[in-house]
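Have the structure open as you read.

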Amino acid sequence: VVVTGYWKAVEPSQGKLNWEGTDNLLRWAQEHRKRTRFHCIIYSFPDWVKKLNTEQAWWETFEARIKAVAERYGTSITEYDVINEMVSDEVAWPAKKAEVDAYRNFPPLWKPENGARMLSLARRYLPGAKLVVLETGISSPVNPHFLATVEYAKALAALGAPFDYCGHQAHFYINGAMPFRAGHPTAGPGAFTMGQLSAGLDLPAAV
């Protein structure tokens, strides 16, 4: 089961950590003898990070977040979503100009070298854990967005980034607007069939 510890919820004010919600989820999982995965270390930024104005400050803050998660759960949770939807963020970023302006000198994590650096930090503090690179999109082998997530994972691997799994969130968000048989305008006519989804998932499995 997934144990959520979103940064924005855990640390609404810098340095003031509230793990109550995450602890409750972990306790339930342990009582029911479930294997757990933490979601997500670097995602859902709290508002106070907007005051960071140098790249060094960003990396110091990222490291502090990783260290805090590791100190709290490193002996009880063995799998971690380290970075989440980085390729999706690259697509959305230009459309969020006002938000971009508030994040000064943010090191874009959709650049593989930054993703690899983040994973190396996570490995330092979670040496025995399974580390996950998590993405989303319909896993059709003809979906350009999904293929971009696979290429991102390949680039991380080529840089020697220390991750164990390519995670995939099957978010469709179609709300009935795309009939099953019609498929998806970008991901193809068979996008919602298990055959097509499975063929897509074979791609990150081979990274």
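Helix H7 gives the lining of the largest cavity its largest share, four residues. Bear in mind that this is a predicted model. The largest cavity holds about 100 Å³ of space, and the count of cavities of 30 Å³ or more comes to one.

**Cavity lining**
- Going through the lining, you'll find Val-133, Glu-135, Phe-146, Thr-149, Val-150, Ala-153, Cys-166, Gly-167, His-168 and Pro-204.
- Sorted by class, that makes six nonpolar, three polar and one charged.

**Largest pocket**
- The largest pocket has a volume of about 260 Å³.
- Its lining runs to 14 residues, with Tyr-43, Ser-44, Phe-45, Asp-89 and Glu-99 nearest the centre.
- Nine of the lining residues are nonpolar, four are charged and one is polar.

**Nonpolar cores**
- The largest nonpolar core has 46 residues, and Ile-42, Phe-62 and Tyr-80 have the most contacts inside it.
- Elements giving two or more residues to this core include helix H1 (7-10), helix H3 (55-73), strand E3 (79-84), helix H4 (86-92) and helix H6 (112-125), as well as strand E4 (130-136) and helix H7 (144-158).
- H3 makes the largest contribution to this core, at nine residues.
- Leaving out residues up to four places away in sequence, Phe-62 touches Trp-7, Ile-42, Phe-45, Phe-106, Pro-107, Leu-109 and Met-118.
- Another core, of five residues, lies apart from the largest one, and includes Ala-187, Ala-191, Phe-192 and Leu-197.

Notes:
Residues are numbered from 1 along each chain as its sequence is written. This is a predicted model: local features need pLDDT of at least 70, side-chain atom pairs count only at pLDDT 80 or more; totals for chains, interfaces and linings use all residues. Side-chain values use heavy atoms; hydrogens and water are left out. On a 1 Å grid over the protein atoms alone, a cavity is a set of points where a 1.4 Å probe fits but cannot get out, and a pocket is an open set with protein on both sides within 12 Å along at least five of seven lines; lining residues have an atom within 4 Å of a point. Grid points are joined across faces, edges and corners, and a volume is the space filled by probe spheres set on the points. Ala, Val, Leu, Ile, Met, Phe, Trp, Tyr, Cys and Pro count as nonpolar, Asp, Glu, Lys and Arg as charged, and the others, Gly among them, as polar. A nonpolar core is a set of buried Ala, Val, Leu, Ile, Met, Phe, Trp, Tyr and Cys residues joined through side-chain atoms within 4.5 Å. Buried means under 20% relative accessible area, exposed over 50%, partly exposed in between (1.4 Å probe, protein chains only). Contact means heavy atoms within 4.5 Å.
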